[in-house]
Amino acid sequence: MWAGRFRQPLDPEFERWQRSFPFDCRLLGHELEASRAHGRALRKAGVLCEEELASILFGLDKISDHAKASADFLKDEEAEDVHHFVERKLVELIGEKGYKLHSGRSRNEQIATDLRLYVRDAIDELRELLADWMEALVAKAEAAGNSAMPAYTHLQCAEPVLVAHWLLAYVAMFQRDAERLSDCRKRVNLCPLGSGAVVGATLALDREAIAADLGFDGPTPNSIDATSDRDFVVEFVNVLALLAAHLSRWAEEMILFSTQEFGFVHLPEAFSTGSSAMPQKKNPDLLELTRGKVARIAGAATSLLVVTKGLPLAYNKDLQETQEPLLDAAETALNMIPLVTGFLRAVEFNYERMQTAARSGFMNAWAAATYLVHRGVPFRLAHEIIGKAVQRCLEKSCDLHELSLEELRMFNPTFAKDFYSHLTLESVLGIHDVPGGTAPARVRQAMAEAKRSITSIRGVTHAHA
Ligand code: ARG
């Protein structure tokens, strides 16, 4: 590709070591797409004649066909990177005129373009997968009906809540992740082609037309930046790290809830494993790996920032090191989401256990204190009064509703017969009847809202396609 100026051959070990083809071969489809657009721009600029362009486009299509037909086609010990590979194959297929495709362009803008195309595709795919995943969460929330469970703070029982509201907490997280992906997409979707190696192409290429050809919103505004910018990679992988952290939190709760001690969740056999030693075991490996994968994605995010932080403008070969963390993080996320979706669809909740847990542990204590507040007792005092009542229950091993009115009145005379109806699970669940609240009608509203947001996630993806 560049041997003309050199009198000595490269050290063979160095030559092998500096190649990116073993990993950037995954960008082949995008490299071909960008090359077709560049070819058409060269035709418009009068560098290629119609016949040469046709031959080049034919060659590029053949390369794509061969790559699809056999993995062996990508075995190339000579190719330095995917750009070199395509050039070599093109010349093999159509002869010396294949070299003309490289007129007026640099690999620096090519790799920047390929990576943008890759990230854009990954975003679109991820948004679809997230929509499926969120749909599975909403379906579970719907199926849970009015079943209740404990809500925890500090992993201690706090208040009872609808199972559906708990599941919708995850929908809220993933909705933000989907929004972050589309926001990131706006900055990704600009075309570096025509930036040359650093200060622009040596030929008069129609940058607007190339950008439109590739479905970009327009050309990048600055060639020095465009050839050396990997912000969009750093940003994208950080969005993935947060998404993976959300999946990890969900996985952790499912692991905990599947323990014998909780018993809220039956692990689906199709997504669990046994132990080679202990015959009784069913292990939540899918969930554990989901929790573990966040490490590599967060690691990739850190790598990317470190690679780019000290680079002088513009292109430096260090930038080649941004490829593997990106590819690994994206593929990890793309592979993981369909699996957690399959798991969630197959998982069964033990609503009875959840409901029983929701009734115990004095989780109606705050509601009990609120009863007193409505009758004029300052909350601080009400808190203390109910605290004493709970203490009494602990001594007697009973629940609040099992204390007699006489016993209650010893703590405060405000208690009346209607107190007991405020302690039932149904009554406690119905309290938060405000927008975003946890009363059953509000949760149903939130569910409808979530479905609309899923539809719009898919809508945006389709509008881009
Ligand atoms: N494989 C290279 C990379 O990923 C392509 C760009 C090479 N440019 C250069 N000036 N050596 O960064």
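This is a predicted model: local features need pLDDT of at least 70, side-chain atom pairs count only at pLDDT 80 or more; totals for chains, interfaces and linings use all residues.
Visitor: How do you know that the span of H6 agrees with its 37 residues?

Guide: Helix H6 covers residues 107–143, and at 1.5 Å a residue those 37 residues should span 54 Å. The end C-alpha atoms are 53 Å apart, so the two values agree.

Visitor: What makes H6 mostly covered?

Guide: Buried means under 20% relative accessible area, and 28 of the 37 residues of H6 are buried.

Visitor: Why is the pairing of serine 106 with asparagine 108 called a polar contact?

Guide: The cut-off for a pair of N or O atoms is 3.5 Å. At the start of H6, a side-chain oxygen of serine 106 comes within 2.9 Å of the backbone nitrogen of asparagine 108, so the pair meets that cut-off.

Visitor: Which ligand atoms do serine 20, aspartate 81 and tyrosine 315 sit by?

Guide: Serine 20 has a side-chain N or O atom 3.1 Å from a nitrogen atom of the ligand. For aspartate 81, a polar side-chain atom is 3.1 Å from a ligand nitrogen. On its own the ligand has 340 Å² of accessible area, and the protein covers 85% of that.

Visitor: What makes up the shell around the ligand, by class?

Guide: Two nonpolar, five polar and two charged residues. H6 gives the largest share, three residues.

How values were computed
Residues are numbered from 1 along each chain as its sequence is written. Side-chain values use heavy atoms; hydrogens and water are left out. Helices (H or I, at least four residues) and strands (E, at least two) are DSSP runs, numbered from the N terminus. The expected span of a helix is 1.5 Å times one less than its number of residues. Buried means under 20% relative accessible area, exposed over 50%, partly exposed in between (1.4 Å probe, protein chains only). A polar contact is a pair of N or O atoms within 3.5 Å; within protein, one must be able to donate a hydrogen and the other to accept it, and residues adjacent in sequence count only if both atoms are side-chain atoms. Accessible areas come from the Shrake-Rupley method with a 1.4 Å probe; for residues, only the protein chains shown count as cover. Ala, Val, Leu, Ile, Met, Phe, Trp, Tyr, Cys and Pro count as nonpolar, Asp, Glu, Lys and Arg as charged, and the others, Gly among them, as polar.
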